[in-house]
Amino acid sequence: MNSKMIKYLYITLTLLSLGLLCACSPNGEGGLSGQMLFQDQPLASAQVEIYLKADKDRSVQPFAVVVTDVAGRYQVSLPQGSYFVIGKKRETTDDGRTRMLMAESPANPHQVAKGVSSIPSFNLHEMGREGLPMADAATGLSGQITYQGEPVSRAFVYIYTETDSGLVGPSYGEAVQSDKSGYFSIDLPAGRYSLVARKRVDGSRSGALSPGDLNAPYSGNPVKVRRGERLSLAEFSLAGVDAEIYAQRQADGVFAKTDTRLFGLVLDAEDQPVSDVYVFAYLDSRMVGKPVHMSVPTGEDGKFALYLSDGGTYYIGARSAFGGPLEPGEWVGTFDDQPDHRVAVTRGTETDLGSIIVKEFW
Amino acid sequence: MRRCLFILLLLFGVQPASALVVDQDTLWTGERFFTEDVRVLSEVTLTVAPGSVIHFSGSRLEVSGRLLARDVEFSGENWGGLLLKGNDATTLLSDCVINGASTGLLVQGGAPRLERLTFSGNKVGLELRGKAAGKVSNCRFIDNSKVGLFLKDDSTTSVVGCWFENNHRYGAYLYHAQPKEFYDNVFVKNATGLIIAYHGTDPVVSNNRFEANEIAIQVDRAARPVIRDNLLRGNQTGLYVYRRSDPLVTGNRIEENRVGLLVAYSSYPQIEGNDFLANELALKLEFQSSLWETERGAEARIGETSARSAFAGQGMRSVTEDDRRAKGMAGAVKVVGNWWGDVGTAELVKIGPTGNPSFIHDGKDQATFVDVGETFPLDKVIFAPWSESAVTEVKP
């Protein structure tokens with residue numbers, strides 16, 4: 001290693017250390033704190049990774065990383081926003097075996113506002129070779145999925161080890177699909193589990209449910225699987241997603257109308273309206289991660305309306321897609337009245353942002 | 001317009017359909033008009049009979065099960081196109097026309113068979129993503145306003161025997177995709193025939209024909225494909241190697257272009273065993289300097305990313321400077337073992353390996369260029385040894 005490399009290494013380590021110190025500062029404006037466990041015991045030296053997105057196959061580096069102390073505790077300062085927390089630890093067991101412990105916070109995502117929010121402690125699990133909990137071939141459960149008395153094929157059964165998530169979202173430990181006769185079977189380590197089954201009309205494994213999809217938690221939740229036991233469940237019946245409830249939830253969601261509104265036009269560089277572009281509002285000036293509000297896509301006239309839940313300072317951007325990295329062919333732009341794309345909004349008012357100019361990115 | 005179309009269809013006895021979920025095997029025949037989305041559920045087969053004409057107005061067809069369509073026209077106004085979600089090879093579209101959509105056909109995963117289709121007048125003709133596989137063969141991509149064929153997101157779909165003509169921006173765009181095969185395709189009169197862009201996009205592109213495009217092939221943003229045994233003829237620019245891209249270019253016939261090969265912004269391709277014939281200028285270096293790359297390259301890319309990326313620096317999939325780093329930069333671009341035609345070779349014999357060929361524009365013709373007030377030396381081309389005879393075969 002030459003002197004130049006040593007210098008770079010020194011600088012890098014120094015910056016990393018400063019970053020970690022900053023991230024761990026108890027004086028931060030907002031943040032998260034909690035405790036990692038393994039088999040219900042505090043887990044020291046575990047890595048706590050903070051992400052801005054929920055995808056299982058994250059293609060980006062964590063937003064922040066901290067390490068648990070001897071009591072398994074951690075604290076990280078974060079700007080306001082929504083975060084996904086994952087715990088990891090690679091360690092060598094007494095018999096010389098290397099194992100990976102890992103789990104997502106069952107309550108993901110976590111909102112950070114002012115002050116430090118406490119995350120319920122959760123257990124990390126040993127991961128198998130395929131990234132799944134280590135299963136015991138002699139232990140597990142099986143059952144049949146039905147709807148209105150008929151077997152449901154290709155439904156997904158999700159096995160949750162924690163219930164804080166409300167049995168939704170990606171924090172399940174395992175998933176298995178029913179066969180043509182609606183039957184499913186899965187090997188699991190001994191433990192307590194909560195099950196939910198869903199069948200989406202498009203056949204997908206994940207995503208928001210829509211009218212026509214089937215969904216239900218297992219009526220016998222939680223189930224306890226003992227070592228060496230193949231537990232046979234009672235009938236696992238699904239129910240259809242109600243269209244009216246779905247519509248109401250949509251109305252209550254990110255598109256819900258309020259009395260605080262930003263509006264304007266999305267235009268290209270030639271002042272022509274651009275359709276199919278979403279306008280986003282962020283609370284964080286970096287404008288990364290999940291926005292707090294978004295508009296429906298612009299129509300042919302390029303008009304947008306962005307409803308906000310409250311007054312305050314928002315940072316405004318526009319994109320023809322949401323989530324994931326920018327891809328060629330996308331329209332992208334920002335509200336540029338202020339260099340940092342900021343707009344101050346008073347609750348109960350309507351504010352004309354004029355035009356947001358977007359460019360096609362190739 | 002929409003109202004007129006509706007009335008016309010009624011006059012001709014066509015019944016408009018409303019929102020539709022296809023939950024059992026279904027056959028469509030004749031002319032159909034849909035104003036709302038149609039969803040074909042998983043394990044369900046939608047068959048569209050030959051000769052059918054399917055219109056969509058402000059809607060789209062989404063297939064999670066299986067679609068069988070031969071000799072069908074899919075069209076509409078302000079419509080979203082066809083979406084195949086995870087369809088396997090039992091989905092077959094052949095001899096169909098898909099036109100006028102925002103994305104004519106979007107393949108989200110799976111491996112459907114797509115044969116002899118025509119995509120015309122769409123914004124994007126065909127987009128394959130989500131690790132799509134399978135094969136696109138003998139399709140035509142004509143007059144699409146953005147991209148004829150967009151292959152992205154780790155898809156490996158083979159592209160064979162397709163025709164790309166007059167697509168306004170790109171005939172085909174390979175972005176983070178590795179088509180298993182990419183050959184026997186023809187690119188004619190496109191703004192850019194084929195673009196291969198971004199680090200990690202390293203396909204083998206062989207035995208294709210590119211004629212009368214503004215740019216035949218553009219390799220951009222640290223892509224490193226293999227460009228082999230292609231014919232690039234009569235284009236404004238044959239091959240444009242841009243922004244730290246290092247393709248392997250071999251066995252190609254590059255002829256009668258205004259500029260055969262344009263190398264720009266810190267690109268160091270391997271150019272070996274090609275024929276450069278009757279180009280106005282065979283090879284040109286532009287803003288190409290190993291010194292600029294050393295002093296300004298990384299900084300310029302940071303600036304570009306933060307200026308052009310979504311909102312505030314969260315840009316395209318990350319590429320480290322280490323990923324981009326050229327294996328060797330010594331102020332020279334090596335272009336050896338190539339055939340420069342009878343006239344060109346005679347000139348090389350006359351001037352020798354250190355001379356300044358008239359058909360190459362490099363640091364011997366233009367010593368420096370200016371970037372933000374500072375002067376940088378333009379790289380030079382090493383062209384010796386050269387081939388004494390043609391290395392490619394003349395193809396029809």
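The model is predicted, so local features need pLDDT of at least 70 and side-chain atom pairs count only at pLDDT 80 or more, while totals for chains, interfaces and linings use all residues. Residues are numbered from 1 along each chain as its sequence is written, chains are lettered from A and ligands numbered from 1 in the order in which they are written, and side-chain values use heavy atoms, with hydrogens and water left out. Chain A and chain B bury about 2400 Å² between them, and 5 salt bridges are counted between the two chains.

**Chain A overall**

- Chain A has 2 helices and 28 strands; these elements are DSSP runs, with helices (H or I) of at least four residues and strands (E) of at least two, numbered from the N terminus.
- Of its 362 residues, 42% count as buried, where buried means under 20% relative accessible area, exposed over 50%, and partly exposed in between (1.4 Å probe, protein chains only).
- Among the contacts in chain A with a separation of 6 or more, 69% are between residues 24 or more positions apart; contact means heavy atoms within 4.5 Å.

**Interface of chain A and chain B**

- The contact involves 31 residues from chain A and 28 residues from chain B.
- Carbon and sulfur atoms give 54% of the buried area, which is the accessible area (1.4 Å probe) that two parts lose on being put together, summed over both.
- The rule finds 5 residue pairs in polar contact across the interface, both residues being at pLDDT 80 or more. A polar contact is a pair of N or O atoms within 3.5 Å; within protein, one must be able to donate a hydrogen and the other to accept it, and residues adjacent in sequence count only if both atoms are side-chain atoms.
- On the side of chain A that touches chain B, at least two residues each come from β22 (278-282), β25 (312-319), β26 (330-334) and β28 (350-361) of chain A.
- The largest share of that side, 4 residues, is supplied by β26(A).
- By class, the side of chain A that touches chain B comprises 14 nonpolar, 9 polar and 8 charged residues. Here Ala, Val, Leu, Ile, Met, Phe, Trp, Tyr, Cys and Pro count as nonpolar, Asp, Glu, Lys and Arg as charged, and the others, Gly among them, as polar.

**Salt bridges**

- The whole structure holds 25 salt bridges over all chains, each being a side-chain nitrogen of Lys or Arg within 4 Å of a carboxyl oxygen of Asp or Glu.
- A:E327 pairs with B:R129 at 3.1 Å, N to O, and with B:K152 at 3.0 Å, N to O.
- The pair of B:K152 and A:E327 crosses between chains, from strand β20 (residues 147-152) of chain B to the loop between β25 and β26 of chain A.
- B:K152 is buried, with a relative accessible area of 3%, and A:E327 is buried as well, at 9%.
- A network of salt bridges links A:E327, B:E127, B:R129, B:K152 and B:D153.
- Within chain A, A:E350 forms a salt bridge with A:R261, with the closest N and O atoms 3.2 Å apart. This pair links distant parts of the chain, with A:E350 in strand β28 and A:R261 in strand β21 (residues 260-267), 89 residues apart.
- A:E350 counts as exposed at 53% relative accessibility, whereas A:R261 counts as buried at 18%.

**Nonpolar cores**

- The largest nonpolar core has 81 residues, and B:L61, B:F74 and B:L105 have the most contacts inside it. Such a core is a set of buried Ala, Val, Leu, Ile, Met, Phe, Trp, Tyr and Cys residues joined through side-chain atoms within 4.5 Å.
- Leaving aside neighbours within four places in sequence, B:L105 is in contact with residues including B:L82, B:L93, B:I98 and B:F119.
- A second, separate core of 22 residues includes A:L141, A:V176, A:V225 and A:L238.

**Two asparagines in loops**

- A:N221 lies in the loop between β17 (214-217) and β18 (223-225) of chain A and is partly exposed at 23% relative accessibility.
- The side chain of A:N221 reaches the backbone oxygen of A:L195 at 2.8 Å.
- B:N338 is in the loop between β39 (332-334) and α4 (341-351) of chain B and is buried, with a relative accessible area of 0%.
- The side chain of B:N338 reaches the backbone oxygen of B:V335 at 3.4 Å.
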